[in-house]
Amino acid sequence: MCKRVLAVIGCVAVCIAIVWFVRRTDKNNYVYAEEFVKLLSADSDFTMYSGTMDCTTVNGRTYYFDAAVTDKQRNDAITLSEELIKEYLGGDTQWNSAAKIYFFPEGGDWADSEQGAAYINVDSIGTYKHILSMLKLRYGEYSNYGYLYAMADQIAHKLKWTSDEVQELDLDVIRNNPNLLNLGYIYFDEKYVTTEEANACKALAVEILNAIDEEAVSEERFMQEIDAVAQKNNLEYTKTYLQFSDAGAYDPLSVKSKYLRYVFAKDFEADMRYIDGYLEENPTKDANAVIALIEDADEKIGELREMLSFSKEEYVPVMVTEKVQKNDINAGGLWQPWKKIIRLQCFDAIPHEYVHYMYSELTDYDSTEREGWETEALALYSTAYQMVEKRKYLANKYPETLENIKELIGKEYETVEDEVRFEYLCLAIDIGNYYNYLNNAGGIAFCDFVCNKYGTENMISCLLFPNETETYIGEDMDALLNEWKEYIESYQ
């Protein structure tokens, strides 16, 4: 009896100590989420949260709380998180003692392992979602989502926390779409799949994990069991190399490909039904279609990297806006060199913008001596032949473009905007609506001219390093532009 009384007294003392520790929070230590959310850093459009926060440190870990979080929620958040770390996440020996855990009254549940931070909605405290965010931080947010989800559900049952109440597995749903066996995050989001498909993925993930001996549990073992399920049920699915993660309250989906890291806006819709050059009205939100678009972009980027002998390994962030078209040469994207981000409105613009990225990495793009047209010309030329629509456009516009450029030679311009160097007109840099019709074929025409005379490799070198063209072709850039002008003037 005495031992029981002492045990109870001890537990009460610990709880009081924790409550006291929480209430000691340094009220002067305000943390702005804009400073610690690294999600595509320096891009305020995708800032998750901008309120002030209080913080408390326990065992080297820092817990941050929005001012609206109640004392009870704070106490529960810390005691439950510490229990979870101690019992199921390896304790202080395997858990990052410098981890940061943030609790908000709104927003999603996610993690950023690069920042060593988990972001948890206060309504998720004591649920499988709380566990899932901590698991992402422990094992990496790009770990197979099905594996982490099943672990979170299993731990929730053991801790008697709120689980997800997974329904019974309907294997027929998987048979109808075997690619669901990838069990990536994208399939758990009902923006991309039906409710039935999401539930089937959850049930399958739980069933697979429960069938594995606890001593043998690992992500690799989990993936092996997926293959076993496919073989047992005669299901052929295409394994994707893409990695999926959720990325916060306002950017719920992040996808890593071979070369890029996509962050899809919350209201993302992919308008992917492109038939005979015309976009249909109705958008579709389909996981397999999104994957196909990203893999297609990777293939094209691989060819361009080889073309420019580019070997740098770096994930370039791609900000995907709310409405994205599959293919529209009048839509597009934007490379922002000062942020190293591609903004995307059209998937087919990715290779073009990636050329701009490579150009900025290979050259002194920020030099005040640069004209700026070289990067556009190279991007236009190197990506035009990858797209059927642009090839059609080039075939129709190429002669017309040369004729139009010929007419511009010697023209007297009425506005300051028109007073531009001849090569700008020839290369069709977008300087206003008056010259927009030259935008593609003009730059391609110049590159094509240089390729035919000096070879593709020399053309690329001249555009990358215009001050060194004499090294490659025996004459400087001004002389090359004069050759181009003479070619246009004599064009029949």
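**Strand pairing, ring contacts and a loop lysine**

Glutamine 243 has lysine 256 of strand 7 as its bridge partner. The model is a predicted one, in which local features need pLDDT of at least 70 and side-chain atom pairs count only at pLDDT 80 or more, while totals for chains, interfaces and linings use all residues. Residues are numbered from 1 along each chain as its sequence is written, and side-chain values use heavy atoms, with hydrogens and water left out.

The bridge at glutamine 243 opens a view of the strands around it. Helices (H or I, at least four residues) and strands (E, at least two) are DSSP runs, numbered from the N terminus; two strands pair if DSSP finds at least two bridges between them. Strand 6 (residues 243-245) is antiparallel to strand 7, with 3 bridges. On to strand 8 (residues 260-264), strand 7 makes 4 bridges, again antiparallel, and here lysine 256 has arginine 261 as its bridge partner. A hairpin through 3 residues connects strands 7 and 8. In a regular strand, side chains alternate between the two faces of the sheet. Strand 7 (residues 253-256) is covered on both faces, with Leu253 and Val255 buried on one side and Ser254 and Lys256 buried on the other. Buried here means under 20% relative accessible area, exposed over 50%, and partly exposed in between (1.4 Å probe, protein chains only).

Turning to the rings, those of Phe, Tyr and Trp (its six-membered ring) pair if their centres lie within 6.5 Å; planes under 30 degrees apart count as stacked, over 60 as edge-to-face and the rest as tilted. This rule gives 19 aromatic pairs. One of them is edge-to-face, joining tyrosine 145 and phenylalanine 188 at 4.7 Å centre to centre with 75° between the planes. Its partners are 43 residues apart, tyrosine 145 in helix 6 (residues 145-159) and phenylalanine 188 in the loop between helix 7 (171-176) and helix 8 (195-210). Tyrosine 145 counts as buried because its relative accessibility is 13%, and phenylalanine 188 does so at 10%. Elsewhere, ring pairs connect Tyr64, Tyr102, Phe104, Trp110 and Tyr119 in a cluster.

Finally, what does lysine 340 touch, leaving aside residues up to four places away in sequence? Its contacts (heavy atoms within 4.5 Å) are Lys312, Glu314, Val316, Pro317, Trp335, Tyr357 and Glu361. Lysine 340 lies in the loop between strand 13 (333-336) and strand 14 (341-346), and is partly exposed at 26% relative accessible area.
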